[in-house]
Amino acid sequence: MSDSKKRQSARARKQRSCTKMEDCLIEDQTTFYSKAEHYWKEVPPTVDGMLGGYGSISSIDINGSKKFLQKFLGEGQGKTGTGCALDCGAGIGRITKRLLLPLFRTVDLVDVTQEFLDKARSYLGEEVKQVENYFCCGLQDFQPQPERYDVIWIQWVIGHLTDDHLVEFLRRCRSGLRPDGLIVVKDNVAFEGVIPDDVDSSVCRDLNLLHRLVARAGLNIICEEQQQNFPEEIYQVHTLALR
């Protein structure tokens, strides 16, 4: 599971769309997850690898994320603190390095691929001293420490979770938030239905389904934006702030 970017033609999206994730899963859940783990073990631990060959969009992505996140950070009623953040599906720490470490005193990383976490220790440079924990774990099994995090950042990784596991993970994340904490989900969205990706064993959901899963988790969407200035051939990407 990692900070990955995927693309697919509009024609293919339309032809392969399902109405719910379960319709797209031919194999059992164990195979769904093991295939994804195997895929990421073959991906080089580089920014370009994390972004599926789209390393050139990294700065656009980070700048959009920073502008979105900074609206919520600060002091005072309702503002989110800057003590500790969690980077979910962190990969080598691209988001940790460029977005989270400059804004938070400490950051934890969680990813299913140990090689990526090992690479993060050198990739993050001098700021690596701000990282407290590296968790090698799939998000379907990960349990955030209660009331530890001001922000839990989940980007380009929810497609590696089944619907039920995503709901359960978001519930655990909610318990992991400090007062006025924030969960941010940034991911690809399908035009309609659920689009399976057999290459990396993931799915891309439409916004209606994502909204329903967020509601099932007992969370409210307090802000939602579409990332701008990405290449036309890739999926639309939306960022959701949840509490």
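Does Arg94 count as buried or exposed, and at what relative accessibility? I looked this up first. Arg94 counts as buried, because its relative accessibility is 1% and the cut-off for buried is under 20%. I keep in mind that this is a predicted model.

**Entry: the whole chain**

I began with the overall picture. The protein has 243 residues, and buried residues make up 56% of them. I found 9 helices and 9 strands in the secondary structure.

Next I traced the strands. An open sheet is formed by 7 strands. Their order is β3-β2-β1-β4-β5-β9-β8, and the pairing is mixed. Which strands stand at the edges? They are β3 (131–136) and β8 (221–226). Each has a single partner strand, so one side of each is left without a neighbour in the sheet. On average, neighbouring strands of this sheet are turned by 15° against each other, direction ignored.

I followed β8 to its partner. β8 pairs with β9 (residues 236–242) in the antiparallel sense, over 5 bridges. Glu225 stands opposite Thr239 in β9.

Then I looked for a helix against the strands. Helix α5 lies across β4, β5, β8 and β9. α5 runs at about 145° to β5.

**Entry: salt bridges**

I turned to charged side chains. Side chains of opposite charge can pair when their charged atoms come close. The structure holds 9 salt bridges. I looked up some of them.

Asp61 forms a salt bridge with Arg94, and the closest N and O atoms are 2.7 Å apart. This pair links distant parts of the chain. Asp61 sits in helix α5 (residues 58–70), Arg94 sits in helix α6 (residues 94–100), and the two are 33 residues apart.

What is the relative accessible area of Asp61? I read 0%, so Asp61 is buried.

Asp61 also forms a salt bridge with Lys186, with closest N and O atoms 2.7 Å apart. Here too the pair links distant parts of the chain. Lys186 belongs to strand β5 (residues 177–189), and 125 residues separate it from Asp61 in α5. Both Asp61 and Lys186 are buried. I noted that Asp61, Arg94 and Lys186 are linked in a network of salt bridges.

Another salt bridge joins the side chains of Arg178 and Asp150, at 2.9 Å from N to O. Arg178 lies in strand β5 and Asp150 in strand β4 (residues 149–155), so the pair ties together parts that are 28 residues apart in sequence. Arg178 is partly exposed, with a relative accessible area of 29%. Asp150 counts as buried, at 5% relative accessibility.

**Entry: back to Arg94**

I returned to Arg94 in helix α6. Which residues is Arg94 in contact with, leaving aside its neighbours within four places in sequence? I listed Asp3, Val47, Leu51, Ser58, Asp61, Ile62, Tyr123, Gln155 and Trp156.

Finally I checked the UniProt record. Its unreviewed entry places the feature "binding site" at Gly89, Arg94, Asp111, Val112, Thr113, Leu139, Gln140 and Gln155.

Technical notes: Residues numbered from 1 in each chain as written. Predicted model: local features only at pLDDT ≥ 70, side-chain atom pairs only at ≥ 80, totals over all residues. Heavy atoms only, no water. Salt bridge = Lys/Arg side-chain N within 4 Å of Asp/Glu carboxyl O. Helix = DSSP H or I, 4+ residues; strand = E, 2+ residues; numbered from the N terminus. Buried < 20%, exposed > 50% of the residue type's maximum accessible area, 1.4 Å probe, protein only. Pairing = 2+ DSSP bridges. Axes fitted to C-alpha atoms, helices over the stretch in contact; angles between N-to-C directions. Contact = heavy atoms within 4.5 Å. UniProt positions renumbered as here; feature names shortened; annotations may be inferred.
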